[in-house]
Amino acid sequence: MRIGAHVDPANPLDAAAARGADAVQFFLADPQGWKSPATRPDADALRASDVDIYIHAPYVINVATLNNRIRIPSRKLLVTHARAAAELGAKALIVHGGHVTAGDDIAVGFDNWRKTFAYAEKEGGLPLPILIENTAGGDHAMARRFDNLARLWDAVGEFGAGFCLDTCHAHAGGEDLLGIVDRVKSITGRIDLIHANDSKDTFDSGRDRHDNLGSGKIDPELVVAAIRASGAPAIVETPGGPEGQSADIALLREKAGG
């Protein structure tokens, strides 16, 4: 079982060593911006490392939206980041499920996801797995509630889309963590990665605020149970820098057998 952390992109391998992490996740560009990733001087070292690399796509990407000025650049940026991530030997690219605006037909959002994968195929294909992540808030989100997740998978399952389960997002989004792995797998058939996060806020709050394991509103045993049941690698996206994340990684190793 591989357990790691989301880290600053400046020196991810040093960050992994400081945390005793088997894996790291980081951004390749400003998560709130539209710039393409720059060439990394540590690309060879990342490819050669025993540390598993995961890349998180920018938060601005929303391929579900009906707004052409966001959706079309989002598709292009997703493919660009996928190719840049593959160049570093990354295991996968994680992207949020996105949303439509109130008043829009949510069915079009699901179909826009299908069109995104079709677009990528026309552009030469995706060189690594794309993991769609469940999100915490929004009444018009593609992947907050699992009834919508089922509709999303009807649209994208045929393209081999992967899934990243965020425990904070599920809790804040109103999905019980008890038995969550079976519920997700009944929809997607897979869980490729777990974002193992506690939540500062109550169940179904819709608020995306991560906390260290055992410090928030989630019983850490439920997070551990999800990791065990899924058999997937885990990334902590928790506060506290090396100290806080090292403690979270140690807890998961002790409890989940990693």
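This is a predicted model: local features need pLDDT of at least 70, side-chain atom pairs count only at pLDDT 80 or more; totals for chains, interfaces and linings use all residues.
User: In which helix does Ser-74 lie, and is Ser-74 buried or exposed?

Analyst: Ser-74 belongs to helix α3, which spans residues 68-87. The cut-off for a buried residue is under 20% relative accessible area. Ser-74 has a relative accessibility of 0%, and therefore counts as buried.

User: With which residues is Ser-74 in contact, leaving aside its neighbours within four places in sequence?

Analyst: Ser-74 sits in helix α3, and its neighbours within four places in sequence are set aside here. The contacts that remain for Ser-74 are Trp-34, Val-60, Ile-61, Asn-62 and Val-63.

User: How far apart in space are Ser-74 and His-96, C-alpha to C-alpha?

Analyst: In sequence, Ser-74 and His-96 are 22 residues apart. In space, their C-alpha to C-alpha separation is 11 Å.

User: Which residues lie nearest the centre of the largest pocket?

Analyst: The largest pocket holds about 270 Å³ of space. Its lining consists of 17 residues, and by class these are 5 nonpolar, 10 polar and 2 charged. Nearest the centre lie His-96, Gly-98, His-99, Thr-135 and Gly-137.

User: Where is Met-142 found, and is Met-142 buried or exposed?

Analyst: Met-142 is located in the loop between β5 and α5. Because its relative accessibility is 0%, Met-142 counts as buried.

User: What is the C-alpha to C-alpha distance in space between Met-142 and Phe-203?

Analyst: Met-142 and Phe-203 are 61 residues apart in sequence. Their C-alpha to C-alpha distance in space is 19 Å.

User: What is the N to O distance in the salt bridge between Asp-44 and Arg-47?

Analyst: Both residues lie in helix α2 (residues 43-48), with Asp-44 and Arg-47 3 residues apart, about one turn of the helix. Asp-44 counts as exposed at 56% relative accessibility, whereas Arg-47 is partly exposed at 41%. The N to O distance between their side chains is 2.2 Å.

User: Which parts of the chain are linked by the salt bridge between Arg-145 and Asp-204?

Analyst: The closest N and O atoms of Arg-145 and Asp-204 are 3.1 Å apart. The pair links distant parts of the chain, 59 residues apart. These are the loop between β5 (130-133) and α5 (146-156) for Arg-145, and the loop between β8 (198-199) and β9 (210-211) for Asp-204.

User: Which residues are linked in a network of salt bridges that includes Arg-145 and Asp-204?

Analyst: Arg-145 is partly exposed, with a relative accessible area of 30%, and Asp-204 is partly exposed at 34%. The network that holds this pair consists of Asp-139, Arg-144, Arg-145 and Asp-204.

User: In the salt bridge between Arg-207 and Asp-201, which residue is buried?

Analyst: The closest N and O atoms of Arg-207 and Asp-201 are 3.4 Å apart. At 44% relative accessibility, Arg-207 counts as partly exposed. With a relative accessible area of 8%, the buried residue is Asp-201.

User: How many salt bridges does the count come to?

Analyst: Side chains of opposite charge can pair when their charged atoms come close. The pair of Arg-207 and Asp-201 is one of the salt bridges in the model. The count comes to 15 salt bridges.

Technical notes. Residues are numbered from 1 along each chain as its sequence is written. Side-chain values use heavy atoms; hydrogens and water are left out. Helices (H or I, at least four residues) and strands (E, at least two) are DSSP runs, numbered from the N terminus. Buried means under 20% relative accessible area, exposed over 50%, partly exposed in between (1.4 Å probe, protein chains only). Contact means heavy atoms within 4.5 Å. On a 1 Å grid over the protein atoms alone, a cavity is a set of points where a 1.4 Å probe fits but cannot get out, and a pocket is an open set with protein on both sides within 12 Å along at least five of seven lines; lining residues have an atom within 4 Å of a point. Grid points are joined across faces, edges and corners, and a volume is the space filled by probe spheres set on the points. Ala, Val, Leu, Ile, Met, Phe, Trp, Tyr, Cys and Pro count as nonpolar, Asp, Glu, Lys and Arg as charged, and the others, Gly among them, as polar. A salt bridge is a side-chain nitrogen of Lys or Arg within 4 Å of a carboxyl oxygen of Asp or Glu.
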